[in-house]
Amino acid sequence: MSSVWLFLHFLGFVMWIGGGFASMHAGLSAKGESREGLGAVTRAQARIQKTVIAPGALLAVLSGLILTLRFMGAMTTAMSPWLMTMQGAGLVGALVTLLISLPTASRLGRISPEGETAAYFDELRQRLRVTASVAGLLALLALVAGVAYRMGG
């Protein structure tokens, strides 16, 4: 049963980080687009955030919590610093994703990049850029720490 939870944990990370890379690449590729084109890109990014990134972050954290509870029950020694780094970075990164990036992307996908909402659109786009970058870096840190832990580092 632990292997199922580990698979779900890895699947969550793949969705979270892979979706983040896809969204980031779409945003970087849209630099030369017109304001109307930016609207289409941000709507796509909002869908990626809702259907891939946020569910992946949630799956990674929930499966990680279950794995931690199982591990704690079998633990006889102190926890590894790598494991604590993975848990801390993963939890904070997922909270940033779910509580800041997801609502920002949703709002951004609903407003027009032109007209009276143009300034707000640009503000939300910058907020999403920053929060998604922070969450992505934390997810990568958690992944690296998890690999170091599994390798016995």
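The model is predicted, with local features needing pLDDT of at least 70 and side-chain atom pairs pLDDT 80 or more, whereas totals for chains, interfaces and linings use all residues. Residues are numbered from 1 along each chain as its sequence is written, and side-chain values use heavy atoms, without hydrogens and water.

User: Which pattern does the chain follow along the sequence?
Analyst: Helices (H or I, at least four residues) and strands (E, at least two) are DSSP runs, numbered from the N terminus. The chain has four helices and zero strands. Read along the sequence, the pattern is α-α-α-α.

User: How are the rings of Phe-13 and Trp-16 arranged: stacked, edge-to-face or tilted?
Analyst: Rings of Phe, Tyr and Trp (its six-membered ring) pair if their centres lie within 6.5 Å; planes under 30 degrees apart count as stacked, over 60 as edge-to-face and the rest as tilted. A search of the whole structure finds one aromatic pair. The centres of the Phe-13 and Trp-16 rings lie 5.7 Å apart and their planes meet at 25 degrees, so the pair is stacked.

User: Is Trp-16 buried or exposed?
Analyst: Buried means under 20% relative accessible area, exposed over 50% and partly exposed in between (1.4 Å probe, protein chains only). The relative accessibility of Trp-16 is 4%, so Trp-16 counts as buried.

User: Which residues does Thr-97 touch, not counting those up to four places away in sequence?
Analyst: Thr-97 lies in helix α3 (residues 81-110) and is buried, at 2% relative accessible area. With contact meaning heavy atoms within 4.5 Å, Thr-97 touches Trp-16, Gln-49, Ile-53, Ala-54, Ala-57, Leu-102 and Ala-135.
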